[in-house]
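Subject: Structure handover

Hello,

Here is the structure we spoke about. Please open it next to this email; my notes follow below.

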Amino acid sequence: MIKGKKISFSAIQPSGNITLGNYMGALRRWPTFQGDYDCIYCVVDEHAITVRQNPADLRHHSLELFAQLIACGIDPERSILFIQSFVPAHAELAWVLNCFTMFGELNRMTQFKEKSLSHADNINAGLFTYPTLMAADILLYQADVVPVGEDQRQHVELCRDIAIRFNGVYGDVFTVPEAEIPKTAGRVMSLQEPEKKMSKSSDNENSYILVMDSPDVIMRKFKRAVTDSQAEVRYDPEQKPGVSNLMDIYAGATGLSMEEIRRQFEGKGYGEFKTAVGEATVELLRPVRENTLRLMADKGELERLMKTGAEKAAAVSSYTMNKVRKKVGFLPR
Ligand code: TRP
């Protein structure tokens with residue numbers, strides 16, 4: 001990697017289809033890091049199996065997500081883009097880090113507590129040690145910054161604690177990373193229950209927009225979006241959660257301010273407003289969807305990119321892994 005530039009590491013789970021919420025809240029800003037950092041982007045399929053997956057679906061989601069990241073603007077020549085399970089060093093370092101992470105630390109993780117409730121029939125050890133695998137992802141590449149959402153702050157903090165502990169014993173082995181969390185959350189709410197976050201795991205498919213939804217599906221879902229009985233486009237998340245969410249989406253897609261949006265739709269009905277939000281969303285997602293479809297039509301090229309990405313990742317990670325092996329006292333191979 002180019003000396004002097006800081007390293008950024010981002011990762012996303014291939015646990016389902018990507019929504020407008022995922023795109024606006026996270027994916028959209030990922031390519032922008034490529035100017036300031038040497039960037040590493042990872043599709044974390046090993047994290048995904050901490051909850052039960054259908055194997056064929058997981059393969060499809062991993063491949064499609066890999067294509068979508070390129071479609072969003074990640075340049076696989078300039079950055080390192082790869083699939084986690086292609087690089088065995090992740091699982092290898094995770095084991096070592098497990099031995100430098102306390103039971104009590106993992107037991108405090110709020111995501112573990114939440115997932116133990118939502119997957120009460122499968123509270124497996126991988127779910128518990130999920131944060132040490134995540135720490136391995138980050139520390140293998142000596143990442144300086146980790147762009148994540150607020151929900152991952154605690155995991156990045158734990159990663160820092162593990163790195164500091166390890167360095168305390170063995171000297172400077174790992175770069176201690178910083179979380180990079182956007183100030184404005186860019187949270188997109190459900191179109192049907194606007195008090196809840198937009199989620200692909202909802203039973204009602206009208207509640208979420210998928211990045212791969214066709215334009216007519218997007219328009220239909222926005223037409224059915226829940227609003228209120230006031231017929232007034234005004235930003236008030238408390239009193240008018242549905243309309244405010246649509247305004248957030250419209251602002252996110254067009255760059256307009258809330259005041260500009262209010263003026264644009266003054267005296268107009270919700271029908272016209274919803275059509276405008278739908279059209280703006282279609283145009284926002286169009287390049288991502290179309291580029292993804294084009295990439296997915298050439299599996300050979302995707303396979304080549306996955307292979308070269310993994311080779312680059314393996315080369316960087318082996319530097320760290322060799323150091324770790326030596327420090328902890330493994331015999332040279
Ligand atoms: N836990 C992250 C999430 O669910 C995904 C992730 C795995 C990750 N490894 C990472 C994020 C390393 C940043 C860095 O969003």
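The ligand takes up the space of the largest pocket. A pocket here is an open set of points on a 1 Å grid over the protein atoms alone, with protein on both sides within 12 Å along at least five of seven lines. A molecule sits in a pocket if more than half of its atoms lie within 2 Å of the pocket's grid points.

This is a predicted model: local features need pLDDT of at least 70, side-chain atom pairs count only at pLDDT 80 or more, and totals for chains, interfaces and linings use all residues. Residues are numbered from 1 along each chain as its sequence is written, and side-chain values use heavy atoms, with hydrogens and water left out.

**Ligand shell**

Which residues are around the ligand? They are Phe9, Ala11, Gln13, Val44, His47, Tyr130, Met134, Asp137, Ile138, Val146, Val148 and Gln152. By class, the shell has eight nonpolar, three polar and one charged residues. Nonpolar covers Ala, Val, Leu, Ile, Met, Phe, Trp, Tyr, Cys and Pro; charged covers Asp, Glu, Lys and Arg; the others, Gly among them, are polar.

β1 (6–12) and α7 (125–140) each supply at least two shell residues. The most come from α7, with four. Helices (H or I, at least four residues) and strands (E, at least two) are DSSP runs, numbered from the N terminus.

A polar contact is a pair of N or O atoms within 3.5 Å. Asp137 has a polar side-chain atom 2.7 Å from a ligand nitrogen. For Gln152, a side-chain N or O atom is 2.9 Å from a nitrogen of the ligand. Gln13 has a side-chain N or O atom 3.5 Å from a ligand oxygen. Taken alone, the ligand exposes 360 Å², and the protein buries 88% of that. Areas come from the Shrake-Rupley method with a 1.4 Å probe; for residues, only the protein chains shown count as cover.

**Positive phi**

Gln142 has a positive phi of about 55°. Gln142 is in the loop between α7 and β4 (145–147). Is Gln142 buried or exposed? Gln142 counts as buried because its relative accessible area is 14%; buried means under 20%, exposed over 50%, and partly exposed in between (1.4 Å probe, protein chains only).

Ala231 also has a positive phi of about 55°. Ala231 is in the loop between α9 (215–223) and α10 (241–254).

**Sequence versus space**

Some pairs are worth checking by eye.

- Arg187 is in the loop between β5 (178–180) and α9. Arg187 is partly exposed, at 47% relative accessibility. Arg187 and Met24 are 163 residues apart along the chain, yet their C-alpha atoms are separated by 7.6 Å.
- Met258 is in helix α11 (residues 258–264). Met258 is partly exposed, at 23% relative accessibility. Its C-alpha is 6.8 Å from that of Tyr235, 23 residues away along the chain.
- Phe174 is in the loop between α8 (153–170) and β5. Phe174 is buried, with a relative accessible area of 4%. The C-alpha atoms of Phe174 and His60 are separated by 34 Å, at 114 residues apart along the chain.
- Arg108 is in the loop between α5 (103–107) and α6 (110–118). Arg108 is exposed, with a relative accessible area of 52%. Arg108 and Leu69 are 39 residues apart in sequence and 32 Å apart in space, C-alpha to C-alpha.

Best regards

Definitions and conventions: Near = heavy atom within 4 Å. Polar contact = N/O pair within 3.5 Å; in protein donor to acceptor, adjacent residues only side chain to side chain. 1 Å grid on protein atoms, 1.4 Å probe; cavity = no way out; pocket = protein on both sides within 12 Å on 5 of 7 lines; lining within 4 Å.
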